[in-house]
Structures are given as structure tokens and as C-alpha cells.
Amino acid sequence: MSRAGYFLTMASLLDSVKGFFRAAPSSAPLTTANFEAGLLAPGSGGRGPPKRGTRELIQLYNQSPWLRAVTSRIARGVASSRWRVFTRAKEAVQTKGREAPTWRWGTDRAVIDPLLPAGNHKERRRRRDALKAQGVLREVVDHPLLKLLAKPNEFMSGSTAIKVTQVWLDVKGEAFWLIAYGADGTPQALYPLPPHWVRQVPTAADPHFVVSVGTTQLKIEPSAMIWLKDVDPDNPYGRGTGVAESLGDELETDEFAAKYVKSWFFNSATPSLIVSFEGSATPTQLAEARDKWEQAHRGTHNAHRAHFATGKMNAVKLDTAFKDQQLVELRVMARDTVIQVYGVPPECIGVIEDSNRATIDAADYMMSKGVEHPRAEYLREEIGAQLLTKYKGGEAAVLEVEISEPEDKGRRLEVMKAQPRAFTLNEWREEANYEPLPDLDGQFPAAMPGQGAPSAPAHEDAPKPAPEDDDEGDPEPVPSP
């Protein structure tokens, strides 16, 4: 490229960038306000109506069996989450083994602790343990957000709202919650809205959400809407994108294969054989023959029957065996693709032809750890940022989510087998699903041949090893607010 061509190309590129941020004057420096104005400009792309086919994609939840099985299984797990709210008190309370006094939301004073919501769930738990040891951690059991998440509106329970929200996020990558405020200015109800109902998100020309339900259109202020989305890398400031969008061809292929099999059983008035005879026939004779033909061959009860006629006859086979078309293999491949893209262990939705006891035992653990927990963490972060802060003092509160994690029984058994005498007899009975016996409390298995006697307990004055870095470790020092 010549030097003149290079500068011409760069000038065109700069013109395109300036056109993207058309809300800012060409001579003005790029600022945060100008940048946001450019993103909200009507022509910037991606902030208009939902993408084509959004409603049809969501309707696949009712039409595609494997999409529904996978997304419904994920959503049920996320909906079983337990929500909690914590805060850091301004003054420590020495409990001396007793429970901390009940926190009175809106009355007791709290301070912002930037480390309380930071990090993954293990780091946050260690931080809570540290604050609890210092006497400044408080759980807000009566926070109004918890009541709202338990019963968001008169039509839905909390688990139903979370489940349908997660289905929308997994299928289309977007979900919206409409907030209804009370007379005191705090959220009183939440109404989940499917993404195809939201026809427009805020732009510079119209800074409102536009909701269309039937023939009714409503303009909603941004403060009254929570926008949850799976960010589209092609346009991170626009509408969201869902996992099911990348499975469009596989889902349609499976649907077409199912419809083809269904039409085959209906027979489509096509016999397995065509039997003909020589000679011409009048229109009346053809009509009579057609009526008799359809009467003899249409419908499932007449499928695969041969037709016979008088005269010199020829028989031609029309049907094709399913095994030649590999429809079963095609549908299995589409099923496995859906399962693998969502990262769901097949055992969790009843696919066990290639499973064994070890994979079945580990399936629930993998499902909780790798599929449900990351989605619950996303909802925790977004609800905390977009909804918790709408309450007075919400900046000092932290929303937490807890999902029951099934125990990895295989790993536990391997640890016990490696050091069998480190566990009591009742712990071994519990591993075998037997009730503990009082006579065995505190008793350990006898030494096997070749094993020495159990080591004596360390003297109280002997130095103790440092604890491992896990969730039960010593509390970390708490900086003063």
C-alpha cells in the first residue's frame, strides 16, 4: 500500500469511528459522556428491537424435548438457591458463645466493607468468618429484598420467577424484571418479562424501555427495569445472546427428523407398493380408483399395505427403511450436541447408556459445581448491583446465594481408604448408609496386619502445624472501617 493510500484508509476509519459517536461534536475530545451518547445513538446498532426469531427461539422450549430437558434441569437447580443478606456493623458485639443480636434493618448502623462482596464464594465465606470472629458480621434476616425474592408478585413464587428467568437466559441470553414501587419509594413487586416483549431498550432518542404485550405498549423508565443478559461479544452494549442461538441448526434438524417420522406413521396416503395395470381409464374410473386407494391406504391402521388391481400388474416399492436414513443416529447426535454445549452431565437428564457407577455418582457434583453455581453467582451479582442498591442503606449490604453442593462420595471414600484408622467406626457406618451405634462412639478400626499402633496424641505444649488454607481456616485480620 502506498503512503497516500495508507493515510486515505486511516482517514476513512476515523470518519467511521466519529460516525459511531455521532452524539459528540467532531471537535470535542472523547469523554465518558460522549462515549455513552455514542453507544445510545439510534444508529449505533444492537440497542433496538430484539433479534429476528427471538420469540420462535423461546417457543422451542415447548417444542424441542432435549432443549427443554436441559434448560429446565439447569433452571430448577438455580431456582433452589437460598438467598441471604449480610452487612458489617459499625460496632462489634461480644457474643461469648451466644448468637449475635438480631439486626434491625433501617435502625442499626452499618458500614461499607469493600472486601465482603469481593472474590469467589470461598473467599467471601472466609471474609464473613473473619468478620464474625471480630463480632461485626450481621445477617439481615428481615431484609425486604429477601421477602421480594421469595414472593415477587401475586402470580409467581420466588422459585418460579428465578426458573423462568434462567430459562430465558439460557435460551435467548436476556431477561427483564419490571419493578413496581410502593408509596415509600422501595420495590414492592417484580414482574419477569420475556425478551420478545421488550421491543426497545433505552437509546439517546428515547431513553425508555418499550414493552409490547398484545396491543398494549408501555414506556418504562430505566429505574423501573432490571436488564439481565448474556453479553454478545459482537456488540457488548446491545441485546444479549443465548446458548440456544448457536444450536439453531441442531435443534431444527432434530425437529424436522421427528416430524418426518411422525408423517411416516400417518402414511401420507402413500402405500408401500404401487400396483398398476395396462390400459386407459375414464375420469370417473380414476376418481373411483382414487377414492378406493385413499380409503385403503390413508391412516396409520392402513400403513404398509399393498394394493392390488385386475389386469396386467406391476409393483413398485416406494418406502425407504429408516435404517438406511440413519434417523436414530441423527437424533442421538443432535441430543448429545445440546447436552455438551450446555455442559450438563448426561446422567442428570437420564442418558446413561455410556455411564457407570462412578460417573453417575459424580454427575450431581459436576452439575452443581460447574453448571448451576456459576449461573447463581451471576444472578447474585446482578441482583445485588441492580436491585439491592435501590433500598436505603443497600450500599452497605451484600447479597449472598447458596446452592447445596452434593458431596463427592468417590473422593471421600478414596480419602477414607487411604487412612482408614483416621475415621471412627461410626463414620465408616455412615459411609455405608448405616445408623451410628452408641457403643462405637469414639472407637477406631483395629490395626490391620502390618500396621502400627495409632500415634499418641501430641502434647499440649508441642507446636501445632499451621492450618490448611480452606474455608475453615483462621479468620483474617479485619481492617477498621
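A residue is called buried when its relative accessible area is under 20%, exposed when that area is over 50%, and partly exposed in between (1.4 Å probe, protein chains only). The model is predicted, with local features needing pLDDT of at least 70 and side-chain atom pairs counting only at pLDDT 80 or more, whereas totals for chains, interfaces and linings use all residues. Residues are numbered from 1 along each chain as its sequence is written, and side-chain values use heavy atoms, without hydrogens and water.

Strand β12, residues 397-402, is mostly covered, with five of its six residues buried. Strands here are DSSP runs of E with at least two residues, helices are runs of H or I with at least four, and both are numbered from the N terminus. Strand β1 (residues 82-89) runs antiparallel to β12 and is joined to β12 by six bridges; two strands pair if DSSP finds at least two bridges between them. Across from Glu400 in β12 stands Arg84.

The interior comes next. A nonpolar core is a set of buried Ala, Val, Leu, Ile, Met, Phe, Trp, Tyr and Cys residues joined through side-chain atoms within 4.5 Å. The largest such core has 51 residues, of which Trp83, Tyr342 and Ile383 touch the most other members. Contact means heavy atoms within 4.5 Å. Beyond its neighbours within four places in sequence, Tyr342 is in contact with several residues, among them Leu67, Val171, Leu247 and Arg375. A second, separate core of 10 residues includes Leu193, Val201, Val211 and Ala224.
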